[in-house]
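Dear colleague,

I am handing over the structure we spoke about, and you will find it directly below. My notes follow it, and I would be glad if you read them with the model open beside you.

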Amino acid sequence: MLNLFLDSADIDEIRDVYSLIRLDGVTTNPSLLAKAKNKYGSPVLNLKVVYNFVTQHGGALHVQPVGTSYEEIISDAYYILDEVGPKTWIKIPVTEPGLAAIGKLSKEGINITAASIFSFTQAMLAYKAGAKCISVYCNRAEENGIDYKTVIKSIKNAVPDVMLLAASFKDIKQVEEASFSGADSLTIKKALLFSALNDSVINKTVRTFKDDWAEAFSSNTIKGE
Ligand code: G3P
């Protein structure tokens with residue numbers, strides 16, 4: 001089953017997209033929260049509003065600790081769970097301290113997304129430490145000469161049961177390649193998601209239908225207006 005997340009920390013944008021399509025949740029990172037600044041009072045208040053909205057719609061919110069040492073990650077994780085919401089998925093970049101934090105928090109039953117994944121081995125470490133979701137960063141991989149498609153395929157092949165969340169996209173082609181390679185879950189920014197509708201082939205196709213009709217009936221609608 002396909003899970004689609006919005007990569008955003010902007011509640012207005014999130015509401016807007018939810019009004020158009022069904023989503024499975026929202027993912028954020030410190031850079032997205034920094035961009036929103038204190039727009040909603042504080043980053044944590046912002047996250048709380050997003051958490052309430054997303055969980056009321058049956059989805060999940062994935063939040064990344066800002067701290068990078070083991071102690072900071074653990075402390076940020078508990079703070080997020082207390083202040084944002086108890087069902088928040090903690091999104092942890094898989095570094096050495098990150099892996100230790102994934103192990104500890106997973107044992108406590110906390111849902112972990114292993115983030116900033118760039119290799120099969122890194123993913124396996126996170127999976128074996130207890131992460132339920134593995135997030136491969138496609139464009140950041142490609143920019144560094146890493147074939148994200150092979151990374152996704154190898155993870156899917158070894159652990160078909162893990163939630164494989166492809167993230168970090170520069171264009172629709174990367175989204176399609178990630179899905180084709182086996183990603184069952186995708187997190188996409190709003191602008192990129194809807195850029196799929198601004199396509200010359202779509203526009204040409206729609207125009208042809210309308211032109212054919214207009215030529216025959218001199219109107220723009222079936223009603224005849
Ligand atoms: O959730 C993905 C995000 O954290 C990284 O995406 O677009 O900044 O590479 P991006």
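**Notes on the model**

Ser106 counts as buried, at 17% relative accessibility (buried means under 20% relative accessible area, exposed over 50%, and partly exposed in between, with a 1.4 Å probe and protein chains only). The model is a predicted one, in which local features need pLDDT of at least 70 and side-chain atom pairs count only at pLDDT 80 or more, while totals for chains, interfaces and linings use all residues. Residues are numbered from 1 along each chain as its sequence is written, and side-chain values use heavy atoms, with hydrogens and water left out.

To stay with Ser106 for a moment, this residue is found in helix H5, which covers residues 96-107, and a polar atom of its side chain lies 3.2 Å from the backbone oxygen of Gly130. I use polar contact for a pair of N or O atoms within 3.5 Å, where, within protein, one must be able to donate a hydrogen and the other to accept it, and residues adjacent in sequence count only if both atoms are side-chain atoms.

As for the chain as a whole, the protein has 11 helices and 8 strands (DSSP runs numbered from the N terminus, helices being H or I with at least four residues and strands E with at least two). Its C-alpha atoms fill a box of roughly 70 × 40 × 30 Å, taken along the principal axes, and 44% of the 225 residues count as buried.

**The ligand**

The ligand is surrounded by Asp7, Thr27, Asn29, Lys91, Tyr137, Arg140, Ala167, Ser168, Thr187 and Lys189, where a residue is near a molecule if one of its heavy atoms lies within 4 Å of it. By class, this shell has 2 nonpolar, 4 polar and 4 charged residues (Ala, Val, Leu, Ile, Met, Phe, Trp, Tyr, Cys and Pro count as nonpolar, Asp, Glu, Lys and Arg as charged, and the others, Gly among them, as polar). A polar side-chain atom of Asp7 lies 3.0 Å from an oxygen atom of the ligand, an N or O atom in the side chain of Lys91 is 3.0 Å from a ligand oxygen, and for Arg140 the corresponding distance from a side-chain N or O atom to an oxygen atom of the ligand is 2.6 Å. Taken alone, the ligand exposes 310 Å², of which the protein buries 86% (accessible areas come from the Shrake-Rupley method with a 1.4 Å probe, and for residues only the protein chains shown count as cover).

Ser168, one of the surrounding residues, has its place in the loop between strand E7 (163-167) and H9, is buried with a relative accessible area of 14%, and has a positive phi of about 65° although it is not a glycine.

**Other residues to look at**

Ser116, in strand E5 (residues 112-117), also has a positive phi, of about 55°, without being a glycine, and at 21% relative accessibility it counts as partly exposed. Ser219 lies in the segment after helix H11 (200-217) and is buried, with a relative accessible area of 7%, while its side chain makes a polar contact of 2.9 Å with the side chain of Trp213. Phe180, in helix H9 (residues 172-181), is exposed, with a relative accessible area of 76%.
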